[in-house]
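Visitor: Could you walk me through this one slowly? I am new to this and would like to ask things as they come up.

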Amino acid sequence: MRVDFLVKPGGKLSGTLRVPGDKSISHRTIMLGAIAAGDTHVTGFLEGEDALATISIFRALGVRIDGPERGEVVVHGVGLRGLKEPAGVLDCGNSGTSMRLISGLLAGQDFDCELTGDESLRRRPMRRVAEPLALMGAHIETVDGRPPLRIHGNPRLRAIDYKMPVASAQVKSALLLAGLYAEGETRIREISQTRDHTERMLQAFGRPVRRDGATVSVSGGPLHGTRVEVPADISSAAFFMVGAAIAPGSDITLAGVGVNPTRTGAIDILRLMGADIELQNTRTFGGEPVADVRVRYAPLNGIAIPRELVPLAIDEFPAIFIAAASARGETLLAGAEELRVKESDRIQAMADGLRVLGIRAEPRADGIRIPGCRGDAGSAQAYGGGTIDSCGDHRIAMAFAIAALRSGAAIRVRDCTNVATSFPGFIELARRGGLAISQAPSE
Ligand code: S3P
């Protein structure tokens, strides 16, 4: 059943909340745990549909996985060469991370298999992994560059020295995983730094990864099972960070959030806009920095978003656009063409939704111009309400739910079912924080 979000206007956010586990890290615990020797014990695992799709795929590849139960998972690793040919097609659901990273792993197997996904995933570009994996000696068939993917593995891949044409942690990670099955050292050059969870986790599993400027390298060889504590997902926390930053009187603390510097672009961007964000109690969970993030309301100003922050905030732009719509003066984003090929075309989906609220956002090929709100930045109503289409995209849905904190009328967001891919329990947690949100069957 499809559901819509119904959100009453106004209010503020307060208290201490813990958002679910990091999606990127959760996927990787299963993937690396599966091909490690020995068991991997995971806590704080995200029990969202994307990460659950990764678990189902590895079960189909012959890996025994216990849980998840209250965030705990045990992966009984089968070793680098222990995966088994699956009986059927592997379904990645909505998850680009599952499809792209698992392609890298399957490229090094001595069997063939097929990966597919839902309607949104079947529209997303896959040549970015198919081409470099072909250079390594695997053969990957796509349908005009899109899923389904038929992967013809090659257990003796060649190491490559590859300059990535896109800033993508998924492509980098697919190649690092394929590199575990290659003879020699696989070197990947990034055009700009992207999230480095795969590199950090490979080290935690005993496989050294070298970084030399923009180049990361890995050599083939075994992994060893370990314990991983997954931090709360900064991409989920971002909705509450923005909510508190735009709603007068807010004071919220998000507990145990992953603050890996390759993920904190949203904090930097919001601070440049004038947000009051404090990192408290900073500590490390197995190679990943974690902090409690306290956000108090402060008036925001529009900015030109520095290009170097774009890959470091790539999943947070739907929320950041709501901050921009609530700020005084215009915000400009450029160099973010990747937003057009996420779970939806996020530039278009956000521009359309902002227009419903009365904000004349101008979409561009690689970004957007958002004029900012009417009146002064502190006035309770920054824009109107209305019915918005999430385009089936979890982050568009949550961004417009949070927008109601500054709207002059109620907001209905259509087709929010996919929020469960990354943020199970969003409605309950948002209500606890102070958002007047409920759900109803889709109209
Ligand atoms: C992810 C990388 C990013 C991000 C996605 C998760 C990952 O995708 O948008 O949500 O876990 O590696 P790209 O690699 O396409 O930028």
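Visitor: Let's start with a proline. Where does Pro68 lie?
Guide: Pro68 lies in strand E4, which covers residues 64–69, and please keep in mind throughout that this is a predicted model.

Visitor: What kind of peptide bond joins Gly67 and Pro68?
Guide: The bond that joins Gly67 and Pro68 is a cis peptide bond, with an omega of about 5 degrees. As background, most peptide bonds are trans. A cis peptide bond also joins Pro147 and Pro148, where omega is about -5 degrees, and Pro148 has its place in strand E9.

Visitor: Which residue has a positive phi although it is not a glycine?
Guide: One of them is Asp144, with a positive phi of about 55 degrees, and Asp144 lies in the loop between strand E8 (139–143) and E9. Asn281 is also not a glycine and has a positive phi of about 60 degrees, but Asn281 has its place in strand E18, residues 276–285. For context, most residues other than glycine have a negative phi.

Visitor: And is Asp144 buried or exposed?
Guide: Asp144 counts as exposed, because its relative accessibility is 63% and the cut-off for exposed is over 50%.

Visitor: Okay, switching to the ligand. Where does the ligand sit?
Guide: The ligand sits in the largest pocket, and the residues that surround the ligand include Ser24, Arg28, Thr97, Arg100, Gln170, Arg195, Asp315 and Lys342.

Visitor: Which helices each supply at least two residues of the shell around the ligand?
Guide: Helix H1 (23–35), helix H3 (96–106) and helix H5 (169–179) each supply at least two residues of that shell.

Visitor: What lies 2.7 Å from an oxygen atom of the ligand?
Guide: A polar side-chain atom of Ser24 lies 2.7 Å from an oxygen atom of the ligand, and an N or O atom in the side chain of Lys342 is also 2.7 Å from an oxygen atom of the ligand.

Visitor: How much of the ligand's accessible area does the protein cover?
Guide: On its own the ligand has 380 Å² of accessible area, and the protein covers 95% of that.

Visitor: You listed Asp315 there. Where is the place of Asp315, and is it buried or exposed?
Guide: Asp315 is in the loop between strand E19 (288–296) and helix H9 (317–325). Asp315 is buried, because its relative accessible area is 12% and buried means under 20%.

Visitor: What is Asp315 in contact with?
Guide: Leaving aside neighbours within four places in sequence, Asp315 is in contact with Arg195, Ser235, Lys342, Arg346 and Arg395. With Arg195 there is a polar contact of 3.1 Å between the two side chains.

Visitor: Arg395 is in that list. Which helix has Arg395 among its buried residues?
Guide: Arg395 is one of the buried residues of H11, a helix of residues 394–403 that is mostly covered, with ten of its ten residues buried.

Visitor: New topic: what does the side chain of His76 make a polar contact with?
Guide: The side chain of His76 makes a polar contact of 3.1 Å with the side chain of Asp39. His76 is in strand E5, residues 72–78, and is buried, with a relative accessible area of 15%. Not counting residues up to four places away in sequence, His76 touches Gly38, Asp39, Val63, Arg64 and Asp66.

Visitor: Last one, Asp161. Which residues is Asp161 in contact with?
Guide: Apart from neighbours within four places in sequence, Asp161 is in contact with Arg187 and Arg189, and a polar contact of 3.4 Å joins the side chains of Asp161 and Arg187. Asp161 is in strand E11, residues 161–163, and counts as partly exposed because its relative accessibility is 46%, which falls between the 20% and 50% cut-offs.

Notes. Residues numbered from 1 in each chain as written. Predicted model: local features only at pLDDT ≥ 70, side-chain atom pairs only at ≥ 80, totals over all residues. Heavy atoms only, no water. Helix = DSSP H or I, 4+ residues; strand = E, 2+ residues; numbered from the N terminus. Buried < 20%, exposed > 50% of the residue type's maximum accessible area, 1.4 Å probe, protein only. Polar contact = N/O pair within 3.5 Å; in protein donor to acceptor, adjacent residues only side chain to side chain. Contact = heavy atoms within 4.5 Å. Near = heavy atom within 4 Å. Areas by Shrake-Rupley, 256 points an atom, 1.4 Å probe, with all protein chains shown as cover. 1 Å grid on protein atoms, 1.4 Å probe; cavity = no way out; pocket = protein on both sides within 12 Å on 5 of 7 lines; lining within 4 Å. Sits in = over half its atoms within 2 Å of the grid points.
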